Structure formats: structure tokens, C-alpha cells
Amino acid sequence: MTTGSLKHDSAISHVTGRSVYVNDMEVSSVQLTGRVVYSSSAHAVIQSVDYAEALRLPGVAAILCAADIPGLNQMGPVIHDEPCLAENEVTFIGQAILLIAAEDEAVAIRAESLIRITYKELPAVLTLRQAIDRGDLISPERYISRGDADRALSAAPHVLSGELETGAQEHWYLETQSALAVPGEGQEMLVYASSQNPAETQAIVAEVLGIPKNQVDVEVKRMGGAFGGKETQANHVAAWAALLAHATHRPVKIHLFRDDDQKITGKRHRFLSGYSIGFDNEGRILAYKVELNSDAGSSTDLSRAILERAMFHAENAYFIPDIHITGRAFKTNLPSNTAFRGFGGPQGMAVIENALDRVARFLGKDAALIRKLNFYGIDENNETPYGKIVDQNRLQVIFERLWESSMYETRRTEADAFNRSNRYKKRGLAMTPVKFGISFTTAFLNQAGALVNIYKDGTVQVNHGGTEMGQGLYAKMQGVAAAELGISPDRIRVAATSTSKVPNTSATAASSGSDLNGMAVKNAIEVLKARLKKVALDEFQKRGFENLAACDIEFSDNKVMARMIPDAVIPFGQLVNAAYLAQVSLSATGFYKTPGIHFDRETGKGNPFYYYAFGMAVSEVETDVLTGEYRLIRTDILHDVGDSLNEEIDIGQIEGAFIQGVGWVTTEEIKWDTQGRLLTHSPDTYKIPTINELPEVFNVNLLHDFPNQGTIRKSKAVGEPPFMLAFSVWLAIKDSISATDNHATEPDFSLPATAEVVLMSIEKVKSKK
């Protein structure tokens, strides 16, 4: 088996039910169950809290309030504006007020029913429009610009202006938020977490307990999905479990019920964006001005960085000479919104993609050709609004190959013919690109560590700071280690991520898990190979092979050999044992930092990304004009992953990201009532994609022959970029709506395009005939 064809490390154990998640763990016969008592009011003063009767209930070990926190009553990851437990005021429904530790879940639920909390209601801000009217920003507004957009708009032959709403999205990871805290000797606390960011979880737990970080160990074996929802908000359950474990001196596990998880946690940020786009008769964009307004929720969380990435991707794949981007994040009385696959990029891209679609319809041209006309160039028109050169640009080659392989022209002709002969069914087609920047835009986060141990039997343990959430990172790291050491993958084990093995790590996020951790693992292995080469030279010299240098030694096929000397071969395990006997260390740490990342937020210029990932999709839908329902006939995707570390895993990531994106742009509608209560808080009311939303024909291919220089084994990140390819479905639906009057009318449109949105849009188009 080649390292690039490794199966997911847990695939078999997942489907056979043998994979162990936090909620499967029982570490002690005295382990307790934790429960969170949260606010039923969106904004209120807490007048009284009475839990005396609940505390007397047999089986209740502890009930904690804010006054019982020994350290800081804070769990804000960047800005300390997010209390661990509400004390005097609540700012959203779902905010934690009390924590219960009980012998089992039934006792905890009974105890919660005996607790009495009274509130004095305060005015609540529950919509983004309300927040914008109030001007309650979480931080000063931001700008990125080039040229003079206002002047260019005034001079443009054509200008279109509009507004676009993009909705929130629930992460809907299969494993809800979970943590198991185990107290040790003295101040020690071990936390088994379902977290994308073990080092930050360690920091938050240490802060709320009022102890040093070296007293807290956080271990993450795997997560049952995360998608950004466990980058910061997994810290919450870990902190709550640790507080209860500290108070009771017993292990405590918290595993949120699905409905509670959806009510308590933040979502993808909903945006309300306004824009003006100027263009010429050919459809070339001359100017673009966009205001991106996001709903941060009740506290800062990662909203500033998410807004910034939305701004970085506001132009997507298009060169725009005069452009002005404004970003604002507003506070509302809803759970603090947080990271989600794409991290603001989808919200920024949606606006320009919708605007270009309008340009094409206005000019009576094919939107795919308008997009191609405006792509970033190779030698010119290749600089972003923030000053980075778009190098290794794959847009043109992807377009040309996908245009041909998807039979776009033929299918466009066929769709037009179908629409002329069908009154109640209309077909739509769209081709959309993605250019997605890879790196944390907070420069210092672009670092990773690793620890690689070789044992005397020739087996290897790899530790790194990345976390496994189903994306196949562990399998990729196993493959990287096998390729670098020249040994078979079955001799390598990737251990659970632990802050005691690799400290001070960054979150597994920003699609950078393989890039950062792969290079750190490679660095550690290079250190070990340098040591082993010296031992090999000594062994070969004993055998009479003289005048060899370290550069002559190669690692391959479970052997260590001298180049061009067939008899100079030592089995890898034998060399390892020789190194041990020679008192050579067989353990090494590795480190990597991404070079050249910088950005000046004052000037809006810099190099915030190491490289870009590119992709494109063509989707075709058929819409029922009487119901607004659609079926996805076919999707063709061509995506750029450099030299893939593992093609099967990468294709799986592309397929999964795309379908999750289809959910965001079509079925996944989140609604709150006028009191701030979440109405779509369970699988019967919140509609993630099912098998019915899959394309009937689904062609996913990787762009080959374009290695990515300067990355781990010339690969590219793949986790987030394909999510935005779902715009092809969204705009294909819009194209089918437009077909109801032969594309003469611009449809009203928003995101998600639910059946209701589609039907209302069709009715408006009909009314304008």
C-alpha cells in the first residue's frame, strides 16, 4: 500500500462502533454526570437564583454558580467578554447560569426542575437590522481598498446596486459538545475533550480553575465532527466539567443533548451586505463597493477574524481595479457566533457571485463567460485589493478543463431547449469558482510542533498538535511519516493529541492542519534521520564500505541503504537497535512556522496567505415552479490540491464540503422567535442535506500535474475551499427561476434558497411579466 492510498485510520472502527469518543469513556466507578442550567431569557437581570431544594436531592453532588468559580469567570478566547457562568445579567437564551453534578442524568434533570430563577426583562436585539440601526459594533469597522471605487462607479457605463442576506448555519456535528474532566493529585486536572484547539482548552480550564497551565493536560483522541464549532466553543463544556470535577474531587462528564447543544452554541455568522458594481458593455468589472455586516452574537469570540476573512475574499477569483470593502460586526442577544468551515469566506464570496450573476443577466450574456472574463490574470491583473500577488494561478486551466469535461455548452443548449418546452419545470445551470487563501490570518498562529519516537523494535509513534475530527489528518500524518522515514505505514502509530506531548499548538482550523503539522512531523523526522545516518555510516564502515557521506544514505522499503551500492543495506529495525546500543537518541521534536505571513490592519495591505487553493464547479438543477422544490441533476467539480497527500481522503473532503455548502445555500434555515428562542433546534426542524440532496450525477476530480511548491510534499489544503463550490447550486437555482420569463427579469434571491424563497421569487418574476 502506498502512503497516498492509506485508508482513514478509524474507518473500520467507526462503522463497527469500536471508535471511542468522549461520551463512551467511563474512567471511574464514582464518575458523575454534569448538566448545564441555562438562561430562558435573551436579555435580563437575574433577580434571584434558588437551588436549595435541588441541592438536597439525593444523588446531587454539587451545584455551582459564578461565585463558586475559583479563578476567572471568563472563557472568551480572544477578548474576555464571555462569562463562564452568568452572574448578574444574561445576554442570550442558552447562557449558562448554574452547573449540576449528579450520580446520573436522570437525577441531574430532576435537580434542574427544582431550581427557580427569576428575571427582570431588558430590551433584546434579535435581528441584524436592529443591531445595525443601533450601531452596536463589537470593534471598530474595517476597510480594505484599492483605487477610487466611488469615482470609478460614477464613470462606469453600467452600475447595479443591491443587498444580499446570507443566513446562519448550524454545525450539526454528529458528536455534540462533550468533555470528561478527571481530577488528579493536588491541582492536577486531566481533560478528555472534543476540541479542535487543545492548547486553548487547556488555557481556559486553567484560567477558570485559577491554576497554572502545567497543571492541566488536555487530550483529544478524535471528534465526531467539528467544522469550526469546536475551535473555541468546545472550551465551554471542558471548563464546566473541570469546575465540577474540581468541586467534587470526582470525574465529571458533560455531553450535551442535541437540542441543548443547538440552543447553547453559536452558528455561522449571518450577514447583511450591500453592494454596488460597475461594469462595461463586455461585462468587465470596473468598480466594486461592498459593505459586509455580520451578526457577532453576544460576545466577540472569533468574529473579528471571521469578518476579516470575509473581507479578504470579497472579490473571490476576480481582479477589480477599483474596490472598497467595509466590514462591520454587530452585537446581538443571541449565542456568540463562531468559526464555521470557510470562516467568513463564503459570506464574502456570496455577494460578488450574486452581483456577477446580475451583471450577466443585465447584459444578456452567459454568467460563466462573464466570470472567465474577470478572472485574475497570470502576469497582469494579478494583485488582490490587499496587495498580495495571486501566483500559481490555476483559474484558467481549471475553467478550460471543466468547461470541456462538464460539456457546459452542450448542456446549456439542452437546458434552454428544455425550458422552452416545459411550463412547470425549469432547468438552471451555473459554473462558479473559488480562490481561497490558506493560512491563519493572525500570523503567529501559523506554527506547529511534533514529537516523533522510534522504539527499539523499529516501530514509530507520531505526536503532533493537530486534531482528528473525521477529516483524515491522522492518516495523512501517518502517510507523511512513512514516506519521510521510508517505512511501511503499519509500523507507524499516530497518538492522541495531547498538550503534555506537544505544547502551545494552534487550532486545527483554517484548512492548515496538514500543512503545519505535516511540516513539523517532517522536521522531527529529519532530525532523527540525521542521527540514524551517522549510525548507518558507522555500520557500513564496519562492513568495509568506505568513503560514504550522509548524503549517500537513503531510507526506503523498510531499509536504510547506500546509494548505488547494492550490498550496503541495513533493515530499518536493525539500524534502530544499533542506534540504541550506540546511545543515540531515538526521540525528536519538530517545529514549523509558515514563512512570509504578515498583514498591516491599518493600511489594509500585506501577505496574509501562504498560497491559494483553487476550484470550480458546474451544477445543473431542475425546479418545480409550482412548489419551489428542486432536484440537483448533476455536479462536476475540478479542484486543485497540488500533489495530493491522499487522493481518496481529499476527494471525500471535497464531496463532504460541497454537500455541506449545498445545505447552507438551500435547506438549512435557522429561525428564532420574537423572544430570541431558537425554533430550529433539532433534526425535525433543522434540515441538513440528506441523500435526496446529493447530485444524481456527481463527478469530482483533482487537478493533476500542478505541484504546490514549498508545502508538505507539494500538497495543498482541502478542508474548506470546496464548501464555496456550492454557489454553483445556489445560482443554478436562480438561473432556473430566471428561466420562467426567459431571463428577462432579475429574481429576488437570498441565501438559503429554501423552497419558500424559491417559490416567492418565482411568483414575483411572474407578476412582472
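Lys 388 is in contact (heavy atoms within 4.5 Å) with Asn 382, Glu 383, Gly 606, Asn 607, Phe 609, Tyr 610 and Tyr 612, leaving aside neighbours within four places in sequence. The residue is found in the loop between α11 and α12. Helices (H or I, at least four residues) and strands (E, at least two) are DSSP runs, numbered from the N terminus. Lys 388 is buried, with a relative accessible area of 7%. Here buried means under 20% relative accessible area, exposed over 50%, and partly exposed in between (1.4 Å probe, protein chains only). Lys 388 and Tyr 610 are 222 residues apart in sequence, and their C-alpha atoms are 9.8 Å apart in space.

The model is predicted: local features need pLDDT of at least 70, side-chain atom pairs count only at pLDDT 80 or more, and totals for chains, interfaces and linings use all residues. Residues are numbered from 1 along each chain as its sequence is written, and side-chain values use heavy atoms, with hydrogens and water left out.

The secondary structure comprises 19 helices and 29 strands. The C-alpha trace spans about 85 × 80 × 50 Å along its principal axes. The radius of gyration, taken over C-alpha atoms, is judged against a globule rule of 2.2 Å times the number of residues to the power 0.38. For 769 residues, a compact globule would have a value near 27 Å; the protein has 28 Å, which agrees. Buried residues make up 61% of the 769. Among contacts between residues at least 6 apart in sequence, 80% join residues at least 24 apart. The mean positions of the 76 positive and 94 negative charges are 2 Å apart. Lys and Arg count as positive and Asp and Glu as negative, while His and the chain ends are not counted. Each charge is placed at NZ of Lys, CZ of Arg, CG of Asp or CD of Glu.

Helix α12 covers residues 395-405, and its buried residues are Leu 395, Val 397, Ile 398, Phe 399, Leu 402 and Trp 403. The elements that cover them include α11 (367-374), α13 (408-421), β16 (425-438), β27 (611-624) and β28 (630-639). Just after α12, Met 407 takes a positive phi of about 55°.

Another buried residue is Arg 309, found in helix α9 (residues 303-312). Arg 309 has no salt bridge; Glu 720, the nearest side chain of opposite charge, is 5.5 Å away. A salt bridge is a side-chain nitrogen of Lys or Arg within 4 Å of a carboxyl oxygen of Asp or Glu. Beyond four places in sequence, the residues that Arg 309 touches include Phe 343, Phe 436, Ser 439, Thr 441 and Phe 609.

Ala 42 lies in the loop between β1 (32-38) and β2 (44-50). At 3% relative accessibility, Ala 42 counts as buried. Its contacts beyond four places in sequence include Val 90, Phe 92, Leu 126, Asn 333 and Gln 675.

The whole structure holds 40 salt bridges. One of them joins the side chains of Glu 291 and Arg 328 (3.4 Å, N to O). Glu 291 lies in strand β14 (residues 285-297) and Arg 328 in strand β15 (residues 322-331), so the pair ties together parts 37 residues apart in sequence. Glu 291 is partly exposed at 34%, whereas Arg 328 is buried at 18%. Glu 746 and Arg 361 also meet in a salt bridge (2.8 Å, N to O). This pair links distant parts of the chain, 385 residues apart: Glu 746 is in the loop between α18 and α19, and Arg 361 is in helix α10 (residues 345-363). Glu 746 counts as partly exposed at 22% relative accessibility, and Arg 361 as buried at 15%.

A further salt bridge pairs Glu 526 with Lys 522 (2.5 Å, N to O). Both residues lie in helix α15, 4 residues apart, about one turn of the helix. Glu 526 is partly exposed at 36%, and Lys 522 is partly exposed at 23%. Elsewhere, salt bridges that share partners join Asp 357, Arg 361, Lys 734 and Glu 746 into one network.

Backbone features include a cis peptide bond from Leu 751 to Pro 752, with omega near 10°. Asn 504 has a positive phi of about 60° although it is not a glycine; its relative accessibility of 61% makes it exposed.
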